[in-house]
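Me: I have a structure to go through with you. Can we take it piece by piece?

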There are 2 protein chains.
Amino acid sequence: MYRKEIKVMDCTVRDGGLMNKWQFSDEFVRGVYQACTDAGIDYMEIGYLTSEHVFSRDEVGPWKFCANADLARIVDGIPSNVKLSAMADIGRIDLDDIPPAGDSLLDMIRVACYIHQVDKAIFLAEHCMDKGYEVTINVMAVSKVNEHDLDQGLSDLALSRVPTIYLVDSFGSMYCESIEHLMKKYQAALKGKTIGIHAHNNMQLAMSNTITAIINGANMLDATLLGMGRGAGNCPVEILVAFLKNPKYRLLPLLKVIQEQVLPWQKKVDWGYHIPYLVTGAMNEHPRDAMQWMDSPQKNDYVAFIKKMHDDEILE
Amino acid sequence: MYRKEIKVMDCTVRDGGLMNKWQFSDEFVRGVYQACTDAGIDYMEIGYLTSEHVFSRDEVGPWKFCANADLARIVDGIPSNVKLSAMADIGRIDLDDIPPAGDSLLDMIRVACYIHQVDKAIFLAEHCMDKGYEVTINVMAVSKVNEHDLDQGLSDLALSRVPTIYLVDSFGSMYCESIEHLMKKYQAALKGKTIGIHAHNNMQLAMSNTITAIINGANMLDATLLGMGRGAGNCPVEILVAFLKNPKYRLLPLLKVIQEQVLPWQKKVDWGYHIPYLVTGAMNEHPRDAMQWMDSPQKNDYVAFIKKMHDDEILE
């Protein structure tokens, strides 16, 4: 399975932050950064790049913004080859708030978009390229996109200068055959570009979908420590590294930061495989209803959750 | 994915019992039996078939023996089409202790064996067939078997009267390509026989390995409620049923028994994905060291566990 082109991106702070409003301590984020450094992880996505007027710092932690001063506190004193990335949502970052890459500690900006936003995503991503950043475009929720729209979006992306496009299973509803089908489609439509994979674990298929994507040519692999991420979470980076057996990665530093920093969060935040996330995944729906349910006192009443989802006939 | 030949076997009590010495209450076992009945599950493996002199009932619960009187307490008053199965380990059941099928509430006996025990397994399985039971042979730990020995064992099995042979990933170390390779080997060697799949979740691949086995022709599918089983546990039956979308199965009864009966056990017993199980899975080793570690006060010291495993150079 060794392929030197493979790059692993740890998204623990960015995707995990969706579960705690990015309220990580500096100690946590520095711990992840040190671990990625020691483990040879290629990229660390440290949060969202957001204009300060869009959210209040009273409500969300610093990693919703990724201001350079915040980033500096993390990297200070840790010599590292890890490249830092931030995710940009369409409409939440003013172009003037993106500094030239030379003035930023960020190396990469990843633009997340839905299929109808592809043109806006290309515009934003190419703007970031012109400012000196590496960029990707991550087309979300493709399991709900009809293939005609997807083909159109992919052909627009093919014509762009953006070098890396992600296949994103936002709802955790895909399995090996759907991943293989889409990877072949992406590969055919996006010749010469790198394909990335970002999987969610609603049906406990995030790790295997990442493997299937690798087999079908994906070279940018998203993963998080202990799978920490929205809802059912992501492909666990420690399994991915153990699986890859790639000489550039080391497992031990990842296990160290999991036991020191990530396990305590697991007692406070219910990411990972839980039945409500299975239900939304199996229904190919956004996990938001399941996340609300998991935040409620009746979180373990799965029968009531299915009934609330008004889909008894399908899922009973 | 609909294929009418597919049969699902719930192994919660048998494989989950490896985590609590089969100390389930009758209420628990009846709950699982009722849920399997309501959900349309084809088989329920309710424990091991063991001679009473091999273990003491002071140490292990009734589901280590599956005496007919114990079985009767479970099925009493629950009309059901679920077939009951018990697993027999080579050397732990005297032939005289196996009643004729007509005198037993068991429908099936599954013989578990290692590759060097295939001849003994065939002898025992054919003995059970002659007594009127359905039988399978489950060849364990094949991820450690060299292919010459495996080919020899499969050719012996091919000549037997045993109709169903299981591919068992005892250590949870396989992934889609290894499953596909072995499924093709089993299919070629065992023409006319049914192939089953029994997966473990050390690398979060039990569900996907079951899917890959289905795609490659497996028609007997083992799974457990919430994945409850030895170490990292098994393919979760609720995910499998949600995935199959087979009209004969219903999800809701499975979710009901999970919330009522299985969740409480999850607070007491550490099955499922935990780092020590990942380590043994990635090393293709038996989970026993990881299970001991998870029973110790330092269960969350993963760095110490890897060092104990004396394999730092490979896994660091």
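Me: What share of the 316 residues in chain A is buried?

Reply: Buried residues make up 52% of them. A residue is buried if 20 or more other C-beta atoms lie within 10 Å of its own, exposed if 12 or fewer, and partly exposed in between, with C-beta atoms placed from the backbone. This is a predicted model: local features need pLDDT of at least 70, side-chain atom pairs count only at pLDDT 80 or more, and totals for chains, interfaces and linings use all residues. Residues are numbered from 1 along each chain as its sequence is written, and chains are lettered from A and ligands numbered from 1 in the order in which they are written.

Me: How many helices and strands in chain A?

Reply: Chain A has 13 helices and eight strands. Helices (H or I, at least four residues) and strands (E, at least two) are DSSP runs, numbered from the N terminus.

Me: Why call chain A as compact as a globular protein of that length?

Reply: Because its radius of gyration is 19 Å, close to the 20 Å that the globule rule gives for 316 residues. The radius is taken over C-alpha atoms, and the rule is 2.2 Å times the number of residues to the power 0.38. Along the principal axes, the C-alpha atoms of chain A fill a box of roughly 55 × 45 × 45 Å.

Me: And which domains does the assignment give for chain A?

Reply: Domain 1 (7-266) and domain 2 (275-315). Such bounds come from an automatic or database domain assignment. The C-alpha centres of domain 1 and domain 2 of chain A lie 26 Å apart. Their contact takes 10 residues from domain 1 of chain A and 11 residues from domain 2 of chain A. Two residues are in contact if their C-beta atoms, placed from the backbone, lie within 7 Å.

Me: Switching to the two chains. What rotation superposes chain A on chain B?

Reply: A rotation of 180 degrees, with 0.0 Å of shift along its axis and an RMSD of 0.0 Å. The two copies are thus related as by a two-fold rotation axis. Copies are superposed by least squares on the C-alpha atoms of residues with pLDDT of at least 70 in both. The same surface serves both copies, as 100% of the contact residues of chain A recur in chain B.

Me: How many residues does each chain give to the contact?

Reply: 32 residues from chain A and 32 residues from chain B. On the side of chain A that touches chain B, helix 9 of chain A gives the largest share, six residues. That side divides into 22 nonpolar, five polar and five charged residues. Ala, Val, Leu, Ile, Met, Phe, Trp, Tyr, Cys and Pro count as nonpolar, Asp, Glu, Lys and Arg as charged, and the others, Gly among them, as polar.

Me: Helix 7 of chain A next. How many of its residues are buried?

Reply: Eight of its 10 residues, so to speak mostly covered. Among the buried ones are M207(A) and T210(A). G217(A) follows helix 7 of chain A and has a positive phi, near 105 degrees.

Me: What does L240(A) touch?

Reply: Leaving aside neighbours within four places in sequence, L240(A) is in contact with V8(A), M207(A), T210(A), L221(A), A223(A) and C235(A). L240(A) is also among the residues with the most contacts inside the largest nonpolar core, which has 221 residues. A nonpolar core is a set of buried Ala, Val, Leu, Ile, Met, Phe, Trp, Tyr and Cys residues joined through C-beta atoms within 7 Å.

Me: Now N284(A). What's with its phi?

Reply: The phi of N284(A) is positive, about 55 degrees, although N284(A) is not a glycine. N284(A) sits in the loop between helix 10 (275-282) and helix 11 (288-294) of chain A.

Me: Is N284(A) partly exposed or buried?

Reply: Partly exposed, because 16 other C-beta atoms lie within 10 Å.

Me: And C66(B), buried or exposed?

Reply: Buried, because C66(B) has 27 C-beta neighbours inside 10 Å. C66(B) is not a glycine either, yet has a positive phi of about 60 degrees. Its place is the loop between strand 2 (43-48) and helix 3 (68-75) of chain B.

Me: Last one: where is G17(B)?

Reply: In the loop between helix 1 (12-16) and helix 2 (26-39) of chain B. G17(B) counts as buried, with 26 C-beta neighbours inside 10 Å. Its contacts include G61(B) and W63(B). G17(B) and G61(B) are 44 residues apart along the chain, with 8.6 Å between their C-alpha atoms.
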